[in-house]
Amino acid sequence: MVIDKGDFWKKYNTVQPFLKATIDESPQKENLVSPEDAEEIDEADYCIQCGNCYYSCPAVNVNPDYLGPAALALTYRFNADVRDEGKRDRLDTVNHIGSGIWDCVKCFECAEACPKELDPIGKITKLHQQTFQEGMAADNVAVRHAVGFKPSIAKHGLLDEGELVRYSEGNIGVLKHVPVAIKMFKKGKIVMPWNMPKSKNMDEITKLVEIASTVKFKGK
Ligand code: SF4
Ligand code: SF4
């Protein structure tokens with residue numbers, strides 16, 4: 001059986017899957033990459049383009065615009081290459097709501113499906129980090145949802161689902177979720193903000209949050 005992988009290849013090619021570098025056409029010596037720098041590429045170079053991750057991704061299934069794990073793992077492969085000069089261009093391509101890195105729902109299906117154990121979700125997480133390092137993470141609902149765990153953990157040592165939604169969508173945006181919140185409350189799945197429990201290890205958690213706090217939104 002042969003399947004039509006046209007959509008897979010189209011997205012694969014969208015992310016400029018090649019090294020973008022100023023090449024000396026008559027080099028006098030090899031362009032060496034240190035073992036430490038090569039490690040940054042991680043196992044991302046071993047992709048065999050089988051498409052297993054892509055066709056098992058539920059986010060692709062419900063949103064045909066989503067680039068999917070293979071193209072995003074490939075984006076990371078070239079962005080992590082010290083010889084490459086196209087990192088910001090590629091991040092610009094994958095940093096859109098609706099098609100890019102913020103549309104991954106972190107289900108880990110891609111990691112389970114990959115026969116080469118490339119951990120595409122791990123590469124997508126590293127692309128999230130790159131957008132912050134490059135000052136390209138916009139202050140929008142998708143990015144706030146990704147970083148909104150921090151204030152809740154810093155305050156309670158636990159995730160407050162309601163606060164995460166309010167942090168991501170704002171005080172007005174949260175109103176549309178009230179009917180679902182009431183249902184969840186009745187089933188004991190969430191608690192009122194004033195009843196939110198606190199972790200016993202708050203001192204340690206506070207220190208860890210401070211150490212790990214490097215996130216900055218664009219322009220802030
Ligand atoms: S973790 Fe993200 S990319 Fe991987 S299968 Fe789930 S939604 Fe798709
Ligand atoms: S499953 Fe693994 S090897 Fe196959 S396309 Fe995805 S990342 Fe590449």
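Domain bounds in this legend set come from an automatic or database domain assignment.

Figure 1. The structure shown is a predicted model. The assignment gives domain 1 as residues 6–18 together with 36–136, and domain 2 as residues 143–212. The centres of domain 1 and domain 2, taken over C-alpha atoms, are separated by 28 Å. Along its principal axes, the C-alpha trace of the protein chain spans about 70 × 45 × 30 Å. The protein chain contains 13 helices and 0 strands. Of its 220 residues, 24% count as buried. Among contacts in the protein chain with a separation of 6 or more, 73% are made by residues 24 or more positions apart.

Figure 2. Is helix 5 largely enclosed by the rest of the structure or open to the outside? Helix 5 is largely enclosed, because 11 of its 11 residues are buried. The buried residues of helix 5 include Pro69, Thr75, Tyr76, Arg77, Phe78 and Asn79. These buried residues pack against helix 1, helix 2, helix 3, helix 6, helix 7 and helix 8.

**Figure 3. Close-up of the largest nonpolar core.** In soluble globular proteins, nonpolar side chains tend to be buried together. The largest nonpolar core of this model has 32 residues. Within the core, the residues that touch the most other members are Ala70, Ala71, Leu72, Ala73, Leu74, Val94 and Ile101. Two or more core residues come from each of helix 1, helix 3, helix 5, helix 6 (87–94), helix 8 and helix 9 (141–147). Which helix gives the most to this core? Helix 5 does, with 6 residues.

**Figure 4. Close-up of the shell around ligand 1.** Ligand 1 is surrounded by 14 residues, and the closest are Cys57, Pro69, Cys104, Cys107 and Cys110. Helix 4 (58–62), helix 7 (109–113) and helix 8 (120–133) each supply at least two residues of this shell. The largest share, 3 residues, comes from helix 8. By class, the shell around ligand 1 divides into 12 nonpolar, no polar and 2 charged residues.

Figure 5. Most residues other than glycine have a negative phi. Glutamine 16, although not a glycine, has a positive phi of about 55°. Glutamine 16 lies in the loop between helix 1 (6–14) and helix 2 (35–41). A positive phi of about 50° is also found at glutamate 117, which is not a glycine either. The loop that holds glutamate 117 is the one between helix 7 and helix 8. How many other C-beta atoms lie within 10 Å of each residue? For glutamine 16 the count is 15, so this residue is partly exposed. For glutamate 117 the count is 9, so this residue is exposed.

Figure 6. Glycine 157 is found in the loop between helix 10 (149–156) and helix 11 (161–173). Is glycine 157 buried or partly exposed? A residue counts as buried if 20 or more other C-beta atoms lie within 10 Å of its own. Glycine 157 has 19 such atoms, and it is therefore partly exposed. When its neighbours within four places in sequence are left aside, glycine 157 is in contact with Lys198, Ser199, Asn201, Met202 and Ile205. Glycine 157 and lysine 106 are 51 residues apart along the chain, and their C-alpha atoms are separated by 21 Å.

Technical notes:
Residues are numbered from 1 along each chain as its sequence is written. Chains are lettered from A and ligands numbered from 1 in the order in which they are written. This is a predicted model: local features need pLDDT of at least 70, side-chain atom pairs count only at pLDDT 80 or more; totals for chains, interfaces and linings use all residues. Helices (H or I, at least four residues) and strands (E, at least two) are DSSP runs, numbered from the N terminus. A residue is buried if 20 or more other C-beta atoms lie within 10 Å of its own, exposed if 12 or fewer, and partly exposed in between; C-beta atoms are placed from the backbone. Two residues are in contact if their C-beta atoms, placed from the backbone, lie within 7 Å. A residue is near a molecule or strand if its C-beta atom, placed from the backbone, lies within 6 Å of it. Ala, Val, Leu, Ile, Met, Phe, Trp, Tyr, Cys and Pro count as nonpolar, Asp, Glu, Lys and Arg as charged, and the others, Gly among them, as polar. A nonpolar core is a set of buried Ala, Val, Leu, Ile, Met, Phe, Trp, Tyr and Cys residues joined through C-beta atoms within 7 Å.
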